[in-house]
Each structure stands twice: as structure tokens, then as C-alpha cells.
Amino acid sequence: MEHSSSCDFNTAGSGGLTKRFKESAAGLGVVLTDEQLQNFQRYYQELDLWNSRFNLVASTESAEEVFVKHFLDSLTLVPFLPLPDGRLLDIGTGGGFPGIPLKIAIPGLKVTLLEASRKKVSFLKSLCRILKLEGMSILQERLESLLKEESSRVCFDMVVSRAALKLPQYLQAAGGLVSPSGLIFAMKGANYRTELDDVSDVLTDWNLVLTDVHTLTLPRGGDFRAILIFKKLQTHLTFRGPAATRI
Ligand SMILES: C[S@@+](CC[C@H](N)C(=O)[O-])C[C@H]1O[C@@H](n2cnc3c(N)ncnc32)[C@H](O)[C@@H]1O
């Protein structure tokens, strides 16, 4: 991670990183207030401070790259989240992506961050205290053990994850954690069609359907992004004739 010397956060002129970030977010349909922008600046400063020890983002990334590849990329989900006060789970959040930018942008979300690494969880807890983010739950746990807990079953309205699991494994896990009618978001790159080839069994197992694919290119020469949205269908009780059959 390149350090803050290249990061002119407070520059009011057209070159200011904050201004460019605000404009790029608005281009995605995400309008950020000054307070939210300050939270992103503070988030960057904390990443910069902790990164050398905890490996939260690539050490070669400039401030601009962190704002585009991590903050903006996370915000690409905002227009598609249906419930501003819903329960959202981020699996394998690492340095908080995409869960923390989503929480900053939509403060009413009830966000659960799942992360196996104790070091990364201590960063996340410190960050949430500093940013005064409320309604956060940070679990230092492996996904495999969360899946064994009855209380975590079907209790999230939205499940998100970036760069933590392959698509079939992600859907297998998220299918058991998302509520009926809930949504699962996968953030994928240019090879998303190939990854979709391997998911038909898991879609059937969990009653999931792929409802939307949104593609975009991140600003300033950023990466291609495909946002895949899966919906868990409601299971209905169907009664057929006098000898009622439950399906
Ligand atoms: C490549 S990083 C991605 C982090 C973040 N989502 C991002 O996009 O920058 C993957 C993260 O998932 C975590 N992880 C991997 N497998 C996991 C599991 N089974 N349960 C919980 N966390 C896991 C790792 O500790 C790591 O922090």
C-alpha cells in the first residue's frame, strides 16, 4: 500500500481524491454526504496504519487504487440492495470488503462480518469503534462452523462476499444462511460465465434462481465487474384434491 503522501484527501480542487471518489460513487447511483466521505477517509487511514502487519489490501496499492478497487467496488452493490434496514452477511470480509463500505453508505443495514483471521477481526473491531458504526456484528469464525449453528440458519436477508470462495461453495453456504425471498450477491470478474457452468446442482438444492447479472467497469482504468444476483424462492404448501399432498 502506498502511503498517504499520494493521498490529497482534503484538496478542494478538481484533483482531490475525495472529490473524484464522491463523483464516481454518484456515477454508480450512490450519493455520499460529507460525513460519509470523512468515514471513508478515516477507513483509508486505518488501513494504511494496520496494513503492514495485517495484510488487509495489497501493499503496492496507492490511495487512489484503494478508493477505486476496494471502496468503490464494494459500493457497486448499493443500488441492488433491496432493504436499507435488512440483515446483511459478508462472508470472508478480510479488511471489511464489501461489508464496511456498504454499512457506511447505508447506515441502517444490520451488518454481520464473518472472518476467520483473528488479526483481521481485531482490525475490524477497532475500525467499527473509530467510525462509530452501530448495528454491526463481527464474528471471528470459520464459515464451516457458522453453518453448523442452528441459530444462523436462514436468518439473513442479503448475503454478500468478495474474493473469498469459489461460486459453487459460496452458493452452497449462502443458500443455507439466506432467508426465503432473500438475495445472494456474487461479485465476479470477466470469467463469470464459466463459473456459472458449475452451479446448477447447488441452485436446485437450495431453491435458488439467478435473477440478474449487472456488468460494469470500475472508473479510472479499473477492473471489469459482474454482479450476479441470486434469489431464494419461497417454498409454498400446495394442496391437491381431497388427499392433500404437501410439497
Ligand atoms: C482474499 S480475502 C478477501 C477479503 C475481502 N472480502 C476482499 O474482497 O478484500 C479472503 C478472506 O476470506 C477469509 N476466509 C477464507 N475462507 C474462510 C472461511 N472458510 N471462513 C471464514 N473466513 C474465510 C480469509 O481469512 C480472508 O480474509
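Reader: Taking helices (H or I, at least four residues) and strands (E, at least two) as DSSP runs numbered from the N terminus, in which loop is alanine 163 found?
Author: In this predicted model, alanine 163 sits in the loop that runs between strand S4 (156-162) and helix H7 (167-177).

Reader: Is alanine 163 buried or exposed?
Author: Alanine 163 counts as exposed, because it has 12 C-beta neighbours inside 10 Å and the cut-off for exposure is 12 or fewer.

Reader: Which lysine has a positive phi, and where does it lie?
Author: That is lysine 132, with a positive phi of about 55 degrees. Lysine 132 is in the loop between helix H5 (118-130) and strand S3 (136-140). It is exposed, since 7 other C-beta atoms lie within 10 Å.

Reader: And which peptide bond is cis?
Author: The bond from phenylalanine 97 to proline 98 is cis, with omega near 5 degrees. Proline 98 belongs to the loop between strand S1 (87-91) and helix H4 (99-105).

Reader: Turning to the ligand, how many residues surround it, and which are closest?
Author: The ligand is surrounded by 16 residues, the closest being Gly92, Gly94, Ala116, Leu143 and Arg162. By class, this shell consists of six nonpolar, five polar and five charged residues. Strand S2 (110-115) and helix H6 (143-148) each contribute at least two residues to the shell.

Reader: On to helix H1: which of its residues are buried?
Author: In H1 (residues 17-27), the buried residues are Leu17, Thr18, Phe21 and Ala25.

Reader: Why do they lie on the same side of H1?
Author: Their arc around the axis is only 95 degrees, so they share one side of H1. An α-helix has 3.6 residues a turn, so residues three or four places apart point the same way. The face turned away from the buried side carries the exposed residues Glu23, Ala26 and Gly27.

Reader: What do the buried residues of H1 pack against?
Author: They pack against helix H2 (34-54) and helix H3 (63-75). Phenylalanine 67, for example, is in contact with Leu17, Phe21 and Leu72, leaving aside neighbours within four places in sequence.

Reader: How many residues are in the largest nonpolar core, and which touch the most other members?
Author: This core has 56 residues; Phe67, Leu88, Val159, Leu171, Ala174, Ile184 and Phe185 touch the most other members. H3 supplies the largest share, seven residues.

Reader: What about threonine 235: which residues does it touch?
Author: Not counting residues up to four places away in sequence, threonine 235 touches Pro180 and Asn207. Threonine 235 is in the segment after strand S7 (224-232), and is exposed because 9 other C-beta atoms lie within 10 Å.

Reader: Finally, what is the mean pLDDT of the protein chain, and where is pLDDT below 50?
Author: The mean is 89, and 89% of the residues in the protein chain reach 70 or more. Over residues 3-14 the pLDDT is below 50, although that stretch has 16 contacts beyond near neighbours in sequence. The pLDDT also stays under 50 over residues 238-247, with four contacts beyond four places in sequence. Where pLDDT is low, the predicted coordinates should not be read in detail. For the complex, the predictor gives an ipTM of 0.99 and a pTM of 0.91.

Definitions and conventions. Residues are numbered from 1 along each chain as its sequence is written. This is a predicted model: local features need pLDDT of at least 70, side-chain atom pairs count only at pLDDT 80 or more; totals for chains, interfaces and linings use all residues. A residue is near a molecule or strand if its C-beta atom, placed from the backbone, lies within 6 Å of it. Ala, Val, Leu, Ile, Met, Phe, Trp, Tyr, Cys and Pro count as nonpolar, Asp, Glu, Lys and Arg as charged, and the others, Gly among them, as polar. A residue is buried if 20 or more other C-beta atoms lie within 10 Å of its own, exposed if 12 or fewer, and partly exposed in between; C-beta atoms are placed from the backbone. Two residues are in contact if their C-beta atoms, placed from the backbone, lie within 7 Å. pLDDT is the predictor's confidence in each residue, from 0 to 100. The arc is that of the directions from the helix axis to the C-beta atoms. A nonpolar core is a set of buried Ala, Val, Leu, Ile, Met, Phe, Trp, Tyr and Cys residues joined through C-beta atoms within 7 Å.
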